[in-house]
Structure formats: C-alpha cells, structure tokens
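Hi,

Here is the model I promised to pass on.

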4 protein chains.
Amino acid sequence: MSAVAVLGLGTMGRGMATNLVAAGHEVTVWNRTPGARPEVAGARAAASIAEAVRGQDVVLYCLSDDAAVRAVALGEDGVLAHVVAPTVVVDMSTISAALSDEEHAAYAERGIAMLDAPVFGSKGEAEAGGLWVVVGGDADTFARVRPVLEAVSESVHHMGPAGSGARMKLVGNLLVAAQLQSLGEGLTLARAAGLDLAKVLEVVAVTDFRTPIYDGVGAAVLADDYSPSFALRLMRKDVRLIGELAAQVGAPVPGAMVAAETLDAAMTAGLGDLNASALIKVLAGWAEVDLAQR
Amino acid sequence: MSAVAVLGLGTMGRGMATNLVAAGHEVTVWNRTPGARPEVAGARAAASIAEAVRGQDVVLYCLSDDAAVRAVALGEDGVLAHVVAPTVVVDMSTISAALSDEEHAAYAERGIAMLDAPVFGSKGEAEAGGLWVVVGGDADTFARVRPVLEAVSESVHHMGPAGSGARMKLVGNLLVAAQLQSLGEGLTLARAAGLDLAKVLEVVAVTDFRTPIYDGVGAAVLADDYSPSFALRLMRKDVRLIGELAAQVGAPVPGAMVAAETLDAAMTAGLGDLNASALIKVLAGWAEVDLAQR
Amino acid sequence: MSAVAVLGLGTMGRGMATNLVAAGHEVTVWNRTPGARPEVAGARAAASIAEAVRGQDVVLYCLSDDAAVRAVALGEDGVLAHVVAPTVVVDMSTISAALSDEEHAAYAERGIAMLDAPVFGSKGEAEAGGLWVVVGGDADTFARVRPVLEAVSESVHHMGPAGSGARMKLVGNLLVAAQLQSLGEGLTLARAAGLDLAKVLEVVAVTDFRTPIYDGVGAAVLADDYSPSFALRLMRKDVRLIGELAAQVGAPVPGAMVAAETLDAAMTAGLGDLNASALIKVLAGWAEVDLAQR
Amino acid sequence: MSAVAVLGLGTMGRGMATNLVAAGHEVTVWNRTPGARPEVAGARAAASIAEAVRGQDVVLYCLSDDAAVRAVALGEDGVLAHVVAPTVVVDMSTISAALSDEEHAAYAERGIAMLDAPVFGSKGEAEAGGLWVVVGGDADTFARVRPVLEAVSESVHHMGPAGSGARMKLVGNLLVAAQLQSLGEGLTLARAAGLDLAKVLEVVAVTDFRTPIYDGVGAAVLADDYSPSFALRLMRKDVRLIGELAAQVGAPVPGAMVAAETLDAAMTAGLGDLNASALIKVLAGWAEVDLAQR
C-alpha cells in the first residue's frame, strides 16, 4: 500500500480518492476551496499543497484544464515548488500535449519522476473505480505507480514515453466527439425523415456500428436527459486541444472541427454546463425537430 | 416455405440466394450477365426477368444503385412489367429515399404489395446469413415476407410505413461513414503524434466508444488490408444519398459531408474498388504518415 | 412600353414596381395582404391575381421562397389558373432549381411563355433599379421581356435555356455565403489575435481579394449594424437550395455546408430577421470576441 | 537612399532586389545556392550571410517557410549571429505567428530592431513592385524602413506592434483560400448544373461579390492554366499556419479547414507545384466535370 495525495476534489478527484481509500491506500486530500464540500471519508485533509505532498509515495491530480494544472502544479506554492524525490507525480488531467511536455521537463529538471496518466470515463466510472487510464512515462516509474492507478480503474495502459498518455487521451476524445456528432446528425435526420427513434436505436444496437455511447446517450436523448456526467464545456476544451495537436503534427481532423463548431454553438446557446451530449440538442434545433419521446 | 426469385447475383444477391436455398425455400435466380459466374447450387436459373418473377411468392433484389433498380425494377421488361399479384416485391437495395417512394407508388398502382428492405452488413454477413434487415411497408405484407427475410439475416426490423427501411438504411450508413472518418482521423493523428497504433486500438477496444467497426477495420488498417467487403464507390454513393435526403428534410449533416469529401478524394485517387475503409488511407496520406505496422 | 403586373410587394417587388412606373410602363400591383402597406404610386392595385394578370404583356413576381411561389403561381386561383397567352410570366424569385423546372413545365403545358429571372442585389439595389438579373428561357421570349427587366436593373444576363437563371442565382449565392463566412472567420481571427479591425479592412480593401461585400459588410460589422437588407433567414433558405442542387448534380460544396451550419446556429440564436451578415456575429460569439469598434 | 541586403533570391526576393536597385538603393544580395540563377543586375553579390549583412541599413528576407527562416535568420552563421545595430532586420516571409514572435524576441535580446513585414501579392506583383506590405513592430523602426518597403510595393500598412504583420498576413490568406475554395465550388456546381462558365464569370464580374481573384483565376481556369504564380504547396502551408493560430487564440475557422482538406487532396494528387488555384481542379474532379473551355 502507498501513501497517496490527491489534489483537487472535483468529480474525478473525489471518486479517485474514495476508491484509493477503499483499496487500503493512505490518502491525503487537498482542495482549493476547503470546506466547500464534505471531505473524503477515511482521507486526511491537508491545508496546503506543501503539506499535502510532503512524504508521499505518489501525488496525483486530475484537474479541469491547462490553467488549473499551471496553477496547482507549476504555480507559486504549487506541487513543483514542494515535491521532493522519491515522490512520483501523476497528472491525470486532460490537458494539451504541449503542457504535458512542459510539465515533464519541469519535474525532470528537479529530479522528480512524473507520469502523464489521463483517464477515459466520467462521473460514473470515477465513482465506481472503473476508469480507463492511459499512461505516458518511463517503464520503471509506471511499474511503481501501477497499483495506485489500478485502484481507480478498470484497466491501465502504458502507451509509451512521456506525453504518450496525454496524446492518447486526445485521440480518444476525438472518437468520442465524432460519436456524439454522428449520433446527433443521425437522430436528427431520422426524426426529420419521420422515423421512430426508439426503433432506430434498437437497430443501431445490434449492428456492427453499435457503441456503448450510441446506446447510453441515445436513450438519454429520447428521455430528454442532458444531466452532466461530462460537461459540454470540457468537451469543447478538449476538441480545441485536439485541433492544436493536429495543427502541430500536420494531421487532418476535419470531422473533429465540425464537432467543434457544434460545441461552439452549444456554448453560445448556454448549454455549457449540461452533458456534452447536449450538442445533439443543438443539431436537432437546427432542423427544428424535437428528439424527446415522452 | 416460399417460392422466391432473387434478381441480381452480386455479392449480396448470391449470398442471400444461397441462404434461402439452405433454409428450404424454392429459389429462382436471374442475373443480368448469365454465365459470368457459376450459378447458385440448388437454385433454378431463369433466362429473363419475366420468367423469373412468374408465379413466385416473393421477388427480391439487392442491386447496387438507383440506376440498376430503375433498370431491373421499373425498366422495360423489368419486374413491374411482369409481376402479378399476389407476388410480393422486396427491394433490398440501398437507394435514394425518393426512388424508394417512386417504386412503392408504381407497384401500388399495379396492385402489387411491396416492401423496402435494405440490409446492414456486407460480404461476410451476406454469406453467413447474418445481415440486419430494416423494413418499410405495411404490417401484413411484412408478416407474410418475414420468414424469407429471416433466412438471410440475423435480425429483421419493421421500421414503419413504406420508405422507412430506405430511410433507416441511410441513417445507419451516416453512422458507418462517421466511424470510418473518425477512425481515420484518430489513427492518423495518433501516428503523426508518435503513438503505437496497436496500443491505441487496444485502448479503444475496452472503452465505451468501442465499436466492432473500430476493432475490425482498425486491425485491417494496421495489416494494410483494404480488400473490399463493401466497396468505397458504394459508400460514396450512399453518402450522396444521405446528403440528398438531408437537404430535402432540412437536417444538418456537416459530419457526413466531411466524409463525403474524403470519399471523393479517395475516388479520384483511384481507390473506388477497395474497401470503404480506404478513405483512412487518404487521410493518412494527407498527413504523410503510413498506418501499416509490419 | 409594356403593361406589367407585379405580384407581391415585399422589399423586392415594391422596388421593382416603383422603377417600372418610373420607366413609363403601365403597372398593376397585387399583394397578398392588401392595405398592409401603402400602394405603389402610379400603379393600379388589383384585388385578385385573376384581375392582376388579365391582359398584361408581362406578369412578374419576386417572392420569398418555394412555398410562396407554389401558392401564388401554381396554387388554386394563382397565376397559372388565369394567365392567357401571349402574356409572358417572369419568375424573379430565388427558388429551387427543381421548382423552377416544374414551373416552366406547367406554363409550357398551358402554352404560356415563361422566364426564370432571379436577381442579385437586395433592398438598396431594388430601390435604385440597380439589380443584376440572370435569365433562363428561350431567346425570343427574353428579347420581348428585356426592356422590362432593364427598367429594374443595372444589367441583364441571358444565361441559357429554361432553369439557367435559377441555377446561376444559386451559384452566385454560394459565393456570397462563402464571402460572409470567410469575412466572419477572418475578422474573428484578427480580433482574437489582437489586430485592429479598421486597419484589417483597410488592407483588405486594396488587395486582389477585395470585394464590395468585404468593404460594405465589414464596415457595418465594425459599426455593429446588422439591420436587414437581405434577411439571414432567406440566406439560410438559399444555402439549403444550394445543397439540394449540389446533391442532385453530384457537386461537392463543403464550404457552403460550413456556411449552412453557421446560418443554422444564427437562426437558433434568434438572428433570422437580421441581415445575413449576422452569421459573423455568431462566429465572433464562438470565440468570445466583440467585433464592434465604438 | 539606404544600403539594403536581400537574403534569398526566390521569386519574391529577386523581384524585390530588382525594384530596390531601380529605386536607387545600394543593394547586396545573397543566395543559398549561388550561381544557380543569374544574379540581380546592379546588385552586389555576397558570398556569405556574414558578409551580406555587414554595414547595412536594412537586412530583409522573404523566405518560403518556417524552416528556411530558422536556418537563415536564427541558424548557425545566420543573420542573428552576425547582424549589428543599428542595422534593422525585416522579415517579409509568411511564417507562423509563433516563429515571428520568437524572432522578435531573439533580435531584441541582441539589441537589434526588427519588423515583421510579410506581403500580399505573388510573382507578378513582386516583379512590378506592386506588393502590399503589412508591418508589425514599433513606429520608429517602421518610419526608418518605410522608404525601402515602398520601393517594392504599391502600399505599406503599419498594423501595430511586433507580430501584427505576421498575423495580418494569415488573416488575409484565410480570405484568399476561401475565395479559391468558393470559386472552385461555384464553378464546379455551375458546370455540373449545365451552365456556360464564361457567362457565369461575366455575371460574377459585375456583382457586389466580384473580386480580382474570381476574375483572374476564373479566366485562367477556363483556359486550363494552372502555371504557378503562388504555388499550391505554399498555400497549403499557410492554411496550416492559420489553423495553428486559430487554435491558439480560440477562433473558429471551419471554412479554412475545408480549404485545407481540398489542398491536402491536391497535394496527394501531385499538384503541389502548380498554382494554388489547382485546388479548383480537385473539386471539379470530385464531380467528374471538366472546367476548361477550349
């Protein structure tokens, strides 16, 4: 068992901390706004990052965006300023490939081992310890941290050297964005063409283009349920990061750019705090059809 | 058991006829170019459409495009000219919603019952009798023809009135096109960003955005295998039909239009006879990366 | 001088009628909602289409969409029901190529000569008699009607046989939509990148990519002026018609589809009655920048 | 009159040097591959960058891409290594906003004044001294260098602080790319719909969406002339830079991404050394129409 600090108690961090406690790890938590929500049962609460990271085997954080990682990890009085070897740092946030590389370089310069280890899955999977973790970094560090990652996940995948996890996450989210966009186009076209959407989903569910996303999100759309498990504003941010990485490496992602446009429209329509699937609502609105079946 | 005529012995028709024979139906086949390929064992070969359709319970055809259906079904000496009630006509081709409606009207005027019943699945599913059939037409006709459709398929879905099958097929192919396009963008981005594609597919296969298409096509792409089970030129035709239907009913399908553009580029690159997944080759070529892992 | 009936007194019809009177033609007007607005000075008002078309040399209409043309031209008690040779019908509306063809066929069957003659230009040009007319139909009919068309326009262009005018109009509006979309992307990128938009427009105005649209719309955007001369909802309709024609003839119009998406977003944002240039507002909103310079 | 070094004698550099000589400046030229083409009459040829930049009032270069600027300006034995105040450096290349910023920082650290001053216009304008220059940097430096820039251009525009010229260039090229793409879509749609393209261009030329590009490129397309004045591969590079800048500042450029896709397809079709307008050839090929009128 390891001593683990979890920084940030948003949807993801809270679920992870709970599962780490359940797995028998010695867990310390720190949150930017202490007391805002009840602390994690079985975990010690630290008053500062400095206090949280001291003497840990592993320090991990799963924060919402580049700005949060810059503040918590690289900022004044952040992790980098206080962490000491042999503590290992694990960044589980979905951030730009560029910032992941910058973080690796900054920790390496200070002699600290680091992994980029973002996760697939959202609220439900975080709470159930059923995330999928994709890891970049050297094999030895990965081997040391693996049991900790396994405590929060269904499977853990070592993708390659530093930055590979961050890049894999963006590739995966490109696929997720494409599935949401295509489901939205498909359901909207089906409804506008007069089909019964329940039957449409029934067919989709048995073909070789079925996906858990089509099944789960499809059912929610018919129930008019866009309650957030993965907020649309985060998906929008991720598609931006995909565009940035694609521009850097010269890869064409026109489909992802189409999803970006729909997400942008959803943001300006005030849907940013709903589930990412609310982009489907936007597409339906453009065709002046209603996808809910009551 | 029924007396069934199968018109057209392409990839789909041949597989269907074989499975109808195996299920004990009395099968007559007709092909535009007789003798081009060996006939179907256990089936009687007719020399003309007139001869083929005479006295059948069901006449079915699964042809490649609108032009072929116009010729075989509505053309001079075609099905419409010779078929007599109570024979039921089943069009299993993927064609425009407009032509499907036109066919229904033409047969109805002659007092002939008709179903539009296109299928999902390609070469492998046709041979194995594992297609998924989506049917439009009235419930009584559907009930009569159902056993015949079940002989060629894994499941049969009655979508609603005349034309519902044709429309569902286009909705489904929108999803297929989106999955091929997104897999192509994802693998290209992954490779350009330095990831190991076998590991990428391994991760994708366990997440909630996994699909049989990502698994199957992904593995084939890594093996540089684009041998056709569903030809790219047919997928391109289908995306055109999707665009046409979408324009008619006022549904936005920008993602499908992106796939259309890639398919167009693949056509001019001379890849039309390869598998539809060859659009992935085009995307990779744009980024100047090679996705094959040997 | 000719006897001319003008059906429909919207922005375009009213301007045309006024200029026809000014040119010395004998003008009769008819409007669906009589009395809604003051009639056209110097023109006789008819109480019905039947009365309006009787004994005219030319009957012309410039209506807002396919539905309006179906009602006024082909509907019960519409033009087709009452017009008698040698009166010539001129449809100046922007409608689908398909409806234009249908209209030509319907009038031809009744022995009535018809031209499709949509116009470029909007409110200002209609009022000033400065429209650009693009005409489809036979040369003799064109020659007869030409003086009437010249009275409302800066130039008149005979494009070819029946339907050529309608098609040219859609091609032109594809270019207009692309210029609005690109101006929106350019100004938004410029502002987000910190440039002074007045200087940007100054540069654009001297290069070889300058256009009157960039100049005029650009200045209006900086003045935050989206008062309608050509309503966004009409532009959206036109882009739909472009998509439909493109699907029919197999032409790729991915850029037009991008504009369609932005226009759809503008519609759901409630901007349909503003000028078509309000799609630029939508693009700016997506980037969270404000283009107005006060 | 000033002492000016021109580094790089490609299409742009050669034209600029010639016009600087003609304007009475004392010109030194340097080329990476000396002797490859005859030197510029009236200019002194230097054997190295070190020799070329020594004692000049102004050192300018207009190179093909980021890599070339890195080599010539920032590389070992490049401009940065040898230039001495008060010589002013002017980078007229079209490069990424990021590299422009990096260059400014590098020169500033060495106390060298620098301007980013890319140009609109291509071969013809460079030879005729009719370029349009957009400049970023401080006003004093601009004032000193202005006469030199005026010698090669029709107009010179001070856009704002360091980097403003580089950014304006990308904004402008977004508009150029959109015009090429829309002209290609428009002409292809027109031809596929049966219109006479000469008449189409005639109409376009009189409307308020006319542009010198539609006129000039349109005529060349009808003459099947794609001889390069601005190579397609450079346009493709520029659209990549636009995508990168847009991703950084969070601006949506879906239309530019569509043009990127067409340019990518043109590259893989082997058209990279033709004029950028060859993307129109690609669009026409997708619709299987030929735009040349012989």
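**Aromatic pairs and a helix contact**

Searching the whole structure turns up 4 aromatic pairs over all chains (rings of Phe, Tyr and Trp, the last by its six-membered ring, with centres within 6.5 Å; planes under 30 degrees apart are stacked, over 60 edge-to-face, the rest tilted). This is a predicted model, where local features need pLDDT of at least 70 and side-chain atom pairs pLDDT 80 or more, while totals for chains, interfaces and linings use all residues. Residues are numbered from 1 along each chain as its sequence is written, chains are lettered from A and ligands numbered from 1 in the order written, and side-chain values use heavy atoms, without hydrogens and water.

One of the pairs is Phe209(A) with Phe120(B), edge-to-face at 5.2 Å centre to centre and 70° between the planes. It crosses between chains, from the loop between H9 (197-204) and H10 of chain A to strand E7 (residues 119-120) of chain B. (Helices, H or I of at least four residues, and strands, E of at least two, are DSSP runs numbered from the N terminus.) Both Phe209(A) and Phe120(B) are buried, meaning under 20% relative accessible area with a 1.4 Å probe, protein chains only (exposed is over 50%, partly exposed in between).

Phe120(C) and Phe209(D) also pair edge-to-face, with 5.2 Å between centres and 70° between planes. Phe120(C) sits in strand E7 of chain C and Phe209(D) in the H9-H10 loop of chain D, so this pair joins two chains. Phe120(C) and Phe209(D) are buried too.

Cheers
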